[in-house]
Amino acid sequence: MSALIVECRPAADEGAVGFLIRALALNCSSMREALEYTYGHSRRHIQSDASNAFAQLTGVPQSWFEHRLPSVSGKDRWQEVRLFGQAWRDDWTLRGTHQQVCLDCLAEHGYARMEWDLAAYTACHHHQIVLLDHCGECGRGISPDRPALDVCSCGRYLATENKPADAAVVRWSALIAGALASRRDVIEGDGLIAMEPLRGMSLDGGYRVLLAFGGGKATLKGQVMNGVATWLRSADLHDILASALSRMAVSVNLARAGRTELQRCADSLAEQKLRGISPFDRAAAGHLLEAIGQAPRWRNRQPIYHDQRDLFR
Ligand SMILES: [Zn+2]
Ligand SMILES: [Zn+2]
């Protein structure tokens, strides 16, 4: 039973926020109205704590929203996020309120794919183009509070000249989409990547290793969206992933990258060695650190265990 008059059913690979935008637009309502209805006040972040209310609003099962909306829980020293049945270390992996779209997919299917909700997914693996995350007219980021999936909150249609995506990034994108769809050729039982060179890592871990090879956290901090808020532009992140994948394919590329780059990569790997979400993620970061010829650092620091059970694995 749906509280909305015009009923709307989600597609198999549709994202929850995109689905809400679509269902609300069909009913001449908006995300702002829906959030006020749901939380009792306006709110920016859309998380799984509202799944029950969204289920009542749309008639779609609560578990569907719980799977596709981030659920943030405080761990010992930081927050862990669960989304798409997997654990993520923090918000850098997730786009949150900063949305991105493939206009070709929207034109063909009319709904937003779930993988667009991950920052790690920067290029459409169907159309092999970089995703769009801002309005060409007003320059602002694409907000969940917009009148329709292909219309900016400023009221104008989203439009862009398609930027062709790097072939390796398209393969990485396809891996993410396959993982979310639980395809056996790209993901093992526990949600671990089944493809070289990231085999055995979690999606979060694989993404962080790529970021390390793409220049580390320092590169991310340089990405500014809208000239105001710091955020990762899809196109910039696509370029970082492209250089990371080419460096990982030919490790000599990293040696040529210069001392600063090598140092940044090593710093990010060392951090991942301490903070990786799974024991394998941490171990893999340690091995990579050795492989690029960088000494282990922070010897006085202990690995952080997310879960007491990790100690016995
Ligand atoms: Zn597409
Ligand atoms: Zn706009």
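How many bridges join strand S2 to S3, and in which direction do the two run? I looked this up and found three bridges between S2 (residues 79–83) and S3, which run antiparallel.

**Entry 1: the model and the numbering.** I am working from a predicted model, in which local features need pLDDT of at least 70, side-chain atom pairs count only at pLDDT 80 or more, and totals for chains, interfaces and linings use all residues. Residues are numbered from 1 along each chain as its sequence is written, while chains are lettered from A and ligands numbered from 1 in the order in which they are written.

**Entry 2: the whole protein.** I noted 12 helices and five strands in the protein. Helices (H or I, at least four residues) and strands (E, at least two) are DSSP runs, numbered from the N terminus. Of its 313 residues, 42% count as buried. A residue is buried if 20 or more other C-beta atoms lie within 10 Å of its own, exposed if 12 or fewer, and partly exposed in between, with C-beta atoms placed from the backbone.

**Entry 3: the sheet.** I traced an open sheet of three strands in the order S1-S2-S3, with antiparallel pairing. Its edge strands are S1 (71–74) and S3 (86–88), each pairing on one side only. Neighbouring strands here are turned by 30 degrees against each other on average, direction ignored; the axes are lines fitted to C-alpha atoms. Two strands pair if DSSP finds at least two bridges between them. S1 and S2 run antiparallel and are joined by four bridges. I found Gly-74 opposite Gln-79 in S2, and Leu-83 opposite Gln-86 in S3. The hairpin of S2 and S3 has two residues between the strands, and Phe-84 takes a positive phi near 55 degrees there.

**Entry 4: helix H1.** Is H1 enclosed or open, and why? Nine of the 11 residues of H1 (residues 16–26) are buried, so this helix is largely enclosed by the rest of the structure. Among the buried ones I listed Phe-19, Leu-20, Ile-21 and Arg-22. Which helices are included in what covers them? I wrote down H2 (31–39), H3 (51–58) and H4 (62–68), counting two residues as in contact if their C-beta atoms, placed from the backbone, lie within 7 Å. After H1 comes Cys-28, whose phi is positive, near 55 degrees.

Notes: Axes are lines fitted to C-alpha atoms, for helices over the stretch in contact, and angles run from 0 to 180 degrees between N-to-C directions.
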